[in-house]
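Colleague: I've got a model open on my screen and I'd like to learn how to read it. Could you walk me through it, one feature at a time?

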2 protein chains.
Amino acid sequence: MARTLCRIFKGCQSICSLPLMKTRLHPSASVLLRTVCVRRMLTLPLPFSPKARDFSLPNSSWGAEMRQLYEHYNSQCEEEMKGEEKQDWAWKRLPSYNRSLKYATGGVYLSKIIQSKARLFTRNIKEPGAAFEYVLFVSKDEQKCVCIFQAGHLLEGPPGHVHGGAIATMIDTVTGTHASVLSAPVMTANLNINYRRPIPLGSTVLIESSLNKTEGRKVLISCKVTSTDGSKLHTEATALFVAINVSHLLGG
Amino acid sequence: MARTLCRIFKGCQSICSLPLMKTRLHPSASVLLRTVCVRRMLTLPLPFSPKARDFSLPNSSWGAEMRQLYEHYNSQCEEEMKGEEKQDWAWKRLPSYNRSLKYATGGVYLSKIIQSKARLFTRNIKEPGAAFEYVLFVSKDEQKCVCIFQAGHLLEGPPGHVHGGAIATMIDTVTGTHASVLSAPVMTANLNINYRRPIPLGSTVLIESSLNKTEGRKVLISCKVTSTDGSKLHTEATALFVAINVSHLLGG
């Protein structure tokens, strides 16, 4: 199974040339791979449907702040390539799906039912606006990642406010995606989160991650969650990721 | 609104005598209050229905490990009081609902739609076994809390494994509940989580929290996530909580 995965990754690597094409696996890593492959219209047998819903695109639940910020970053993104590649982009939008690659099929621990029904935690609710609405952009030099996050009513912790675990989930998602862009397949090793100010349900916030350093197999990233105008600091965090051997994760 | 809440809390305190009856609010704090009040069949006007589903009770999705551990701890719990109070219990089960107290009604930021639809993050999916299946027990002296957690297929992060954010969510839930049992209403100030070994989807783990110290308004708790037999350490964490003034949270 691990060998199959490696072949898939190798196949994609060999035909992709963007800076984002490094081998990557973890949390949203598979999403990156999937995205890239789908956009390039590969003819390779892929482990996912090209018709899958991209959850990072605007929908009717998005409020004005979410839409405005999306337009702000999206307008600075790479355009769809028609013929020659355009180089003057500052950000790249990262699509988002609700399923990891379906290669975890042989694990001794994973039942067939769980395999077929598993969904990415942050995209496990279909109703638009009910839970995590978010879109990620990565900077051209990959040193920064920004996420626009609108917190739905199903994320409640303290009455009327977002659960600390939901905030941690978004921090893990943003920094993990960032680390996956920067490195080989990674796993989260440490999250250290300081909660400064609660986030009201329904509000939109910015989550920004910056590369602190890479050291051998380690990637250290810092992250902050602020109001959309940057005036209020809600949360600060550091996240440590470690590059892994895929076969360890798949138990094969 | 804050004043109304204080009246509710004060009312409950004055008629409750168990060690768990201290004033408490945050994350699952409201659940504790609710539980206590419902069990005592109060005649006060309460902000919640006594028919609400208790998500911590066994259901058909629970695997053998989850059931066995539940029985293990539940058999050491306080019995329902009929006449004289029985004192020889070691643990107390904490019921769990999918809604916080509905007192966050006056916030300038919170729309009526969000108010009415808000659900506790860890209980926002009705399908048994799909997401977070868990039950918490607190020790008689309140120094320890234990949670039996079965991770459903909708919590995926790395393929076939539980999302780091879902693990953080459970750690915040268990330690936050523990802090609420020990202290006044609290908010999470810091979570520091070391991920040692990934948790396969569908598996059952133990989450144990222990009081490290209290210092003024601060409560420091440590936590570990292990396999059910304790032989494998999945995650270690510390969590810092700070007692808050309820009116700050409600913006009143």
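Predicted model: local features only at pLDDT ≥ 70, side-chain atom pairs only at ≥ 80, totals over all residues.

Colleague: How should I think about the core?

Modeller: As a general idea, nonpolar side chains tend to be buried together in soluble globular proteins. Here the largest nonpolar core has 86 residues, and those touching the most other members are A:Phe132, A:Phe149, A:Leu155, B:Phe132, B:Phe149 and B:Leu155.

Colleague: What is A:Phe132 in contact with, leaving aside its neighbours within four places in sequence?

Modeller: Quite a list; among them are A:Phe121, A:Phe149, A:Leu155, A:Met170 and, from chain B, B:Phe121.

Colleague: Now rings. How many aromatic pairs does a search of the whole structure find?

Modeller: Over all chains, 15. Take A:Phe121 and A:Phe132: their planes are at 65° and their centres 6.3 Å apart, an edge-to-face pair. A:Phe121 is in the loop between α4 (112–117) and β2 of chain A, while A:Phe132 is in strand β2 of chain A, so the pair ties together parts 11 residues apart in sequence. Both A:Phe121 and A:Phe132 are buried. Ring pairs also build a cluster out of A:Phe121, A:Phe132, A:Phe149, B:Phe121, B:Phe132 and B:Phe149.

Colleague: Which residue lies over the face of A:Phe55?

Modeller: That's A:Arg53, at 4.0 Å from the ring centre. In chain B, B:Arg53 lies over the face of B:Phe55, also at 4.0 Å from the ring centre.

Colleague: Last one: what rotation superposes chain B on chain A?

Modeller: A rotation of 180°, with 0.0 Å of shift along its axis and an RMSD of 0.0 Å. The two copies are thus related as by a two-fold rotation axis. Both copies use the same surface, since 100% of the contact residues of chain B recur in chain A. To locate the axis, go to B:Asn192: of the residues of chain B, its C-alpha comes closest, at 2.1 Å.

Methods. Residues numbered from 1 in each chain as written. Chains lettered and ligands numbered in written order. Heavy atoms only, no water. Least-squares fit on C-alpha atoms with pLDDT ≥ 70 in both. Contact = heavy atoms within 4.5 Å. Core = buried A, V, L, I, M, F, W, Y, C linked by side-chain atoms within 4.5 Å. Buried < 20%, exposed > 50% of the residue type's maximum accessible area, 1.4 Å probe, protein only. Phe/Tyr/Trp six-rings, centres within 6.5 Å; stacked < 30°, edge-to-face > 60°. Helix = DSSP H or I, 4+ residues; strand = E, 2+ residues; numbered from the N terminus. Lys NZ or Arg CZ within 6 Å of the ring centre and 35° of its normal.
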